[in-house]
Amino acid sequence: MFFIIRRRRRKRKPLTAEQAAEVERLRAQAKAALPPRLAELAALHGFTYKAVRIKHNVSNWGSCSELGNINLNLNLMRLPEHLRDYVMLHELCHLKYLNHGPEFHALLEIVCPGHRAYQRELKSYKLI
Ligand SMILES: [Zn+2]
């Protein structure tokens, strides 16, 4: 017997018209800026992913599937460049390790030196 544990999704508060417009601005910026930057970082460090999609969710800045698909949150456009790169490098490292174990962090430290400080800094930003 086994159980399927579903992570409960955080419900999004309804967006105001202003916030909705801001989200669409961020989406357009993200679609233009993030895929080329991800491709650049992947080429620089020898990662190969399958596809990249821009998402709007309140649960993560990015994600990586077993199949090698990377999702990036349009909220990344609200971050300073070094944190945006940190999130993309974090997801690229998940192509090799689909967990947050010591090997994952060792690899991330090679491609993104000082990543633990970036991880802490990222916590001061909230997803909208
Ligand atoms: Zn992760």
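How many residues does helix α1 have, and how far does α1 reach from its first C-alpha to its last? Helix α1 (residues 17-45) has 29 residues and reaches 41 Å. That is close to the 42 Å expected at 1.5 Å a residue; the expected span is 1.5 Å times one less than the number of residues.

This is a predicted model: local features need pLDDT of at least 70, side-chain atom pairs count only at pLDDT 80 or more, and totals for chains, interfaces and linings use all residues. Residues are numbered from 1 along each chain as its sequence is written.

**Overall fold**

The protein has four helices and three strands. Helices (H or I, at least four residues) and strands (E, at least two) are DSSP runs, numbered from the N terminus. Along the sequence the pattern reads α-β-β-β-α-α-α.

**Helix α1**

A kink of about 35° in α1 is centred on Ala30. The bend at a residue is the angle between axes fitted to the seven residues ending there and the seven starting there. Ala30, Leu34 and Leu38 of α1 are buried. A residue is buried if 20 or more other C-beta atoms lie within 10 Å of its own, exposed if 12 or fewer, and partly exposed in between; C-beta atoms are placed from the backbone. An α-helix has 3.6 residues a turn, so residues three or four places apart point the same way.

Gln29 also sits in α1. Gln29 counts as partly exposed because it has 15 C-beta neighbours inside 10 Å. Just after α1, Gly46 takes a positive phi of about 75°.

**Sheet and packing**

Three strands form an open sheet in the order β1-β3-β2, with mixed pairing. Two strands pair if DSSP finds at least two bridges between them. The edge strands are β1 and β2 (62-64), each pairing on one side only. β2 and β3 pair in the antiparallel sense over three bridges. Ser63 stands opposite Asn71 in β3.

Axes are lines fitted to C-alpha atoms, for helices over the stretch in contact, and angles run from 0 to 180 degrees between N-to-C directions.

| Helix | Strands touched | Angle |
|---|---|---|
| α1 | β1 and β3 | about 155° with β1 |

Technical notes: Two residues are in contact if their C-beta atoms, placed from the backbone, lie within 7 Å.
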